[in-house]
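Please read the notes below with the model open.

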Amino acid sequence: MKITKSLLHVGVLGLSLLATGVMAAVSADEAAKLGTSLTPMGAEMAGNAAGTIPAWKPLATNAGTVDSKGFLSNPYGSEQPLFTITAQNVEQYKDKLAPGQYAMFKRYPETFKMPVYPSHRGATVPADVFAAIKRNATSTNLVSGGNGLENFETAIPFPIPKSGVEVIWNHITRYRGGSVTRLVTQATPQANGSYSLVYFQDQFVFRDKMKDYDPKNPGNILFYFKQKVTAPARLAGGVLLVHETLDQVKEPRSAWVYNAGQRRVRRAPQVSYDGPGTAADGLRTSDNLDMYNGAPDRYDWKLEGKKEMYIASDSYKLDSPTLKYADIIKAGHINQDLARYELRRVWHVVATLKEGQRHIYAKRDFYIDEDTWQAAVIDHYDGRGQLWRVAEAHAENYYDKQVPWYALETLYDLQSGRYLALGMKNEEKQAYDFGFTATTSDFTPAALRQDGVR
């Protein structure tokens with residue numbers, strides 16, 4: 001994949017800025033590009049020279065129908081794949097694949113495939129979020145050596161990034177509707193495809209959507225997250241509460257768990273970094289949720305540049321309520337016939353574990369969609385330098401609410417042949433419910449016991 005010299009210069013510049021401690025917001029002249037040559041979120045407005053990536057054209061809120069459960073119809077449902085990448089022809093497309101994607105064809109040559117469809121760049125957010133992003137461009141700065149933010153509001157602090165860690169902060173803080181409640185499932189299939197499901201009820205609220213939020217005194221909280229396990233019975237009633245901070249070096253993430261069997265609330269310092277993910281059978285770490293989350297302080301972040309790559313996008317087919325979970329979960333990987341890939345531009349950021357720091361992943365390669373700042377693919381390497389796990393997100397634009405997010409997150413373990421699929425809601429009684437309202441008292445340790453009643 002070709003990386004432009006200008007983008008490499010941006011990466012080198014970013015690293016030099018971090019090294020000298022100069023972490024300035026961009027100038028007003030640079031910020032003026034937002035909404036002109038750049039989209040209001042910082043992507044290139046134009047398509048590529050080959051015409052295989054179109055110009056940005058946001059989806060209308062009425063781009064499709066919404067059923068009684070909140071599931072969206074597929075605005076591109078009539079389209080057919082342009083071609084399908086298989087193990088037989090993968091070499092011809094290798095330059096537009098992440099190493100982890102390429103490795104999946106080698107690991108599962110008979111079944112793994114990537115249907116490639118026409119590209120659409122329809123992701124958008126509400127006008128007030130665009131306005132906040134533009135203000136961030138000239139006012140938000142990195143603090144604590146790049147591990148925190150100051151003068152930040154709403155979403156996307158660095159729409160014109162100069163360093164790898166700024167790109168990662170855009171992913172961490174990207175707009176996800178402000179608040180949402182959702183019912184989702186998680187599967188961790190055995191190598192032969194057998195699996196059982198874990199059911200979650202999530203509540204997720206960014207600080208400025210809390211009813212008692214004071215903009216004059218925003219504090220250090222980024223968002224509140226609560227996750228209740230509702231099934232199977234042996235796990236039901238357990239609740240996780242997280243207060244996510246903007247500067248996790250100054251003030252580490254606070255987390256608590258309610259154990260239904262013991263009827264006790266306890267601090268949960270393990271819910272961070274490479275602590276085990278909830279009910280994940282050891283197949284993901286705490287910071288694998290949402291593809292990547294948490295403090296960036298354990299890694300050095302290098303911005304490699306921007307590339308064209310096939311990523312899973314506009315995944316309405318995979319999110320259809322007509323599907324059963326058994327239609328999706330298969331041995332080795334999800335049912336790739338339900339996936340949709342498009343050619344997009346992505347930011348490539350390499351995270352290397354700092355000397356003296358600890359994490360089971362010694363290196364991570366991030367490929368982040370320019371239009372949404374969502375991680376599309378993350379390759380995870382072990383301490384020997386071996387490619388270990390491949391995370392792939394199947395993105396979806398919730399166009400009725402103007403929210404880019406995921407329909408499904410997958411994390412494939414190339415060594416064990418197992419994987420984790422998180423976020424399926426096809427058989428649930430409702431899709432994502434945006435606009436959830438709450439106060440800070442709803443996200444206190446004292447509130448966990450009531451939430452954990454079976």
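1. Two strands pair if DSSP finds at least two bridges between them; helices (H or I, at least four residues) and strands (E, at least two) are DSSP runs, numbered from the N terminus. The model is predicted, with local features needing pLDDT of at least 70 and side-chain atom pairs counting only at pLDDT 80 or more, while totals for chains, interfaces and linings use all residues. Residues are numbered from 1 along each chain as its sequence is written, and side-chain values use heavy atoms, with hydrogens and water left out.

2. Strand 6 and strand 7 run antiparallel and are joined by eight bridges; Phe 204 has Phe 225 of strand 7 as its bridge partner. Strand 7 also pairs with strand 8, again in the antiparallel sense, over seven bridges. Here Gln 227 stands opposite Leu 240 of strand 8. Strand 7 is largely enclosed by the rest of the structure, because nine of its eleven residues are buried (under 20% relative accessible area with a 1.4 Å probe, protein chains only).

3. The largest pocket holds about 810 Å³ of space. On a 1 Å grid over the protein atoms alone, a pocket is an open set of points with protein on both sides within 12 Å along at least five of seven lines, a cavity is a set where a 1.4 Å probe fits but cannot get out, and lining residues have an atom within 4 Å of a point. Grid points are joined across faces, edges and corners, and a volume is the space filled by probe spheres set on the points.

4. Which residues that line the largest pocket are the closest to its centre? Of the 40 in the lining, they are Gln 227, Leu 240, Val 271, Thr 278 and Arg 284. Elements giving two or more residues to this lining include strand 6 (197-206), strand 7 (221-231) and strand 8 (239-245). The lining divides into 20 nonpolar, ten polar and ten charged residues.

5. Eight cavities of 30 Å³ or more are found in the whole structure. The largest has a volume of about 140 Å³, and Arg 344, Asp 369, Thr 372, Gln 374 and Ala 395 are the closest to its centre among 21 lining residues. Strand 15 supplies the largest share of this lining, four residues.

6. Ser 313 sits in the loop between strand 11 (299-312) and helix 6 (325-328). Is Ser 313 buried or exposed? Its relative accessible area is 2%, so Ser 313 is buried. Leaving aside residues up to four places away in sequence, Ser 313 touches Arg 340, Glu 342, Arg 344 and Ala 395 (contact means heavy atoms within 4.5 Å).

7. The second largest cavity has about 70 Å³ of space. Its lining includes Arg 284, Asn 288 and Glu 409, and strand 16 gives the most to that lining, with three residues.

8. The largest nonpolar core has 69 residues, with Ile 168, Trp 169, Trp 301, Phe 366, Ile 368 and Trp 405 having the most contacts inside it. Such a core is a set of buried Ala, Val, Leu, Ile, Met, Phe, Trp, Tyr and Cys residues joined through side-chain atoms within 4.5 Å. Helix 5 (residues 164-173) gives the most to this core, with five residues, and ten of the ten residues of helix 5 are buried. Beyond four places in sequence, Ile 168 touches Tyr 292, Trp 301, Val 349, Phe 366 and Ile 368.

Terms used:
Ala, Val, Leu, Ile, Met, Phe, Trp, Tyr, Cys and Pro count as nonpolar, Asp, Glu, Lys and Arg as charged, and the others, Gly among them, as polar. Buried means under 20% relative accessible area, exposed over 50%, partly exposed in between (1.4 Å probe, protein chains only).
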